[in-house]
Amino acid sequence: MSERSAGFVGVGNMGGAMALRLGELGWSVGVRDIDPAREAECVRAGARAFATPAALAAAHPVVVVAVVDAAQCDAVLFGADSAFAAQPPPGACVLLCPTLGPASTERIAARLAALGVACVDAPMSGGPARARDGSMSLMVACADAVFASQRVLIEALSSKVFRVGERPGDGARTKLVNNLLAAINLAGAAEAIALAERLGLDPARTLAVIEQSSGQSWIGSDRMRRAIAGDLAPRAHTNPAGQGHGAGARHGGGGRFRGRARPARGAALPRGLRRRLRRSRRREPARAAAKDRSLAARVASS
C-alpha cells in the first residue's frame, strides 16, 4: 500500500475532479462509483476501479467520501459491501467531503470512531473546476493528530485549507453558513441583473461593472456570466439554497432578527427609481413581469 495512496467513493463532479488531480500529482488512486462511465474516466487517467467500497478501503489507508448526502454516506461506509463492513485496518481514515447537516456529520464521525476509524470533517466549496486545479476551499474539523496524519493529502487536494476546529460537525456548520450566504448573494445578483434589463441596460456590461465594484460576489459572477451567455448546463446535483438555507433554519437555534422590520420589495431602491418602476409596471405589466422572470428562470435551471 503506497503512502501516497487514496481511495475515492463517489467520483462525480467533485470527487472525480479530486481523483484526477491526485493522479496527476503522482498518487496511487482507487475509485468506486455506481456510474461506470465516471469510473472509466478515472481509469483512463491511471486510477484503479474497485468493485465495492469494501475492496477499495482494504487497499487504501484513507477513503475520500464524495457522495451526495448522509444516506449515501451511511450506505458506502456502513452498509452491505461498504468500506467498513469488515474490521477496518489499523490507521484507517475517512475524509468526509459532502455537504451534510452537522448532526449527520457528528453521528457518522462517532460511528467511525467506534470502529477505530479517524474522521476528517472536510466539506468542500468552489465547484468542479476549482476541485480539479486544487483551488477549491476545504473547511476542515478534526483532531490535531488526525490532521497531521492526513496533511499531505489535504494540502494536495486544496491550496485553501481552513482549520475551523477539532469538533466533528464544525466543518459542516461552516459550510452551511457559507451556503446560506451564497444563496443570498446569488438571489441578489439575479435580481440586480433583472433590474438592469428593466432599466434598459446591457446585462453583460452591467455585470462587468459589478465585478469590479462593491457589489461583486464570486457566485454572482459565476452564475450570471453563464446565464447571460445562455450556458444553462447543470453542474451540480443540488443548489446552495437547498444545501444551506434549510439547514440554517434547522440549526440556527431559533434566532430571529430583532431590528426594525421593513418591506423587502423595492426597499433598497431610491424613492424616485421606485416611482418610475411602479409607473412602468402600470403601463406594461405583462412585459415588466416577463422581464423580472427572464433571467431568474434561466439561472434556476442552471
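Predicted model: local features only at pLDDT ≥ 70, side-chain atom pairs only at ≥ 80, totals over all residues.

Me: Which residues of β1 are buried on one side, and which on the other?
Reply: Residues are numbered from 1 along each chain as its sequence is written, and side-chain values use heavy atoms, leaving out hydrogens and water. Buried means under 20% relative accessible area, exposed over 50%, and partly exposed in between (1.4 Å probe, protein chains only). Both faces of β1 are covered, with Ser5, Gly7 and Val9 on one side, and on the other Ala6 and Phe8.

Me: Which residue in β2 stands opposite Val9?
Reply: Strands here are DSSP E runs of at least two residues, helices H or I runs of at least four, numbered from the N terminus. Two strands pair if DSSP finds at least two bridges between them. β1 and β2 (residues 28-32) run parallel, joined by five bridges. In that pairing, the residue facing Val9 is Arg32.

Me: And which residue in β4 stands opposite Phe8?
Reply: β4 covers residues 62-65 and pairs with β1 in the parallel sense over three bridges. Across from Phe8 stands Val64.

Me: Which residues does Ala109 touch, leaving out those up to four places away in sequence?
Reply: Ala109 lies in helix α5 (residues 102-114), and is buried because its relative accessible area is 9%. Counting contact as heavy atoms within 4.5 Å, its partners are Cys119 and Pro168.
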